[in-house]
Amino acid sequence: IIDVVVLDFEGNMSNWVLGNRWQTPVYEESNYYAIESDPRFAEAKQELIALGYPATDSLRPVWEWIGKEHYLIWNEFVGRRVADYLNEAVYGPIKKYYPDVKFSNYNYAYHSSAYPVPDFHGHKGYKYGTGAHVGTHQTASLYGELGQVTKQKLDGVNLYAATPFNSFRFELNKARASMLSSLVPYTPWFPNKEYWQNLMNQSNFYQEMILHTLLSGADNILFWNPKTSESSTPASDKIMNDTIAEFNAIAGFSDKRTIVTELVPWGSDYALSGMQTGGKTVWRFTPVLETGETIQAMIITENPVTVKSKSQQLVFENATIHRPQAPVSAQGIWIVQEGNAGHTIRERSIIDYIIARIIDQAALIRFAFGFIPNSLFW
């Protein structure tokens, strides 16, 4: 019996593979001429046009790519073609003998303009088409990398800096965009925590990414932990095991269903994911913490449960804070509500923020010196 097949076919005919003007030898432009000269290209051109490719343009703009969007349309087109080929040549024959097999191929997932998440270099593939999957599941690598996307203003105001929180939010939004764009089950690839390009490799945001992705509806997890040049240690394996165990203990019931319906706003200073499971509503709240702040300090009250970030307060009625005996992360809070409950968001004004900071500073002085100077309250 074969239960699961995980394919890692990363070859395709995108402009990054066929060659482009700025990254490869000029002679590789001949790849595009060869495709256009093939008699079968006339039919393919109609598919390209249906995706938005200008009818009178050749494939040369795909090769040139900078300053144009032809390459995005081309990459969507060939991505679908390769998915079809893999389904016919690999998945189909296996399914014939193992009809219940779960099957996927690396980085074949869905997207839509309704959930605009670029790739880690900032390429906006979501603008064209829907993406594709191979077999039974869509998949994507959530490896914590941020490339040229750091030169873009995803919130419309600030450059998307290479920070652990931004890496966490980016990968979570990448996963959410695929799951919200299609009902095809989603299985993410997570790296070992030590992976050198993972911006969360020194942060609890790595564990938070796993927990939030599961709460957002991921079907299973694929763990990339090679014992080679990208060596994964036993400690990293334990982190993954413990994180999954913590999720399963609070939310791993057979009736679990995500209630996530949107991306984390690019300017938000926290992430919130929720799931209905085991007759309860389970939430994970993960804010940005300033140096020296603890997650406990983000809890304002426990009846009702009220938590805060720098910008907002969130209130959960009929709820309790769940504290695991040995939590895998000190970056987030578990909140459990009876039944199918919700939450209220209160935006914190600048006055609220200033008062909160004064109170925080007063508390620190009291802790350090045993008194509060009168000069703090004028």
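This is a predicted model: local features need pLDDT of at least 70, side-chain atom pairs count only at pLDDT 80 or more; totals for chains, interfaces and linings use all residues.
Is arginine 323 buried, partly exposed or exposed, and what is its relative accessibility? Arginine 323 counts as partly exposed, at 45% relative accessibility; here buried means under 20% relative accessible area, exposed over 50%, and partly exposed in between (1.4 Å probe, protein chains only).

## The model

Residues are numbered from 1 along each chain as its sequence is written, and side-chain values use heavy atoms, with hydrogens and water left out.

The protein has nine helices and 14 strands (DSSP runs numbered from the N terminus: helices are H or I with at least four residues, strands E with at least two). Of its 378 residues, 45% are buried. Among contacts (heavy atoms within 4.5 Å) between residues at least 6 apart in sequence, 69% join residues at least 24 apart.

## Salt bridges

The whole structure holds 13 salt bridges, each a side-chain nitrogen of Lys or Arg within 4 Å of a carboxyl oxygen of Asp or Glu. Arginine 323 takes part in one of them with glutamate 302, at 2.7 Å from N to O. Glutamate 302 lies in strand S9 and arginine 323 in the loop between strands S12 and S13, so the pair ties together parts that are 21 residues apart in sequence. Glutamate 302 is partly exposed too, at 40% relative accessibility.

Elsewhere, shared partners join Arg21, Glu29, Arg60, Glu64 and Lys68 into one network of salt bridges. Glutamate 29 is buried at 9% relative accessible area, whereas arginine 60 is partly exposed at 32%.

## Aromatic rings

There are 17 aromatic pairs to look for. Rings of Phe, Tyr and Trp (its six-membered ring) pair if their centres lie within 6.5 Å; planes under 30 degrees apart count as stacked, over 60 as edge-to-face and the rest as tilted. Tyrosine 143 and tyrosine 195 make an edge-to-face pair, with 5.6 Å between centres and 70° between planes. Both tyrosine 143 and tyrosine 195 are buried.

Ring pairs also link Trp16, Trp65 and Tyr71 into a cluster.
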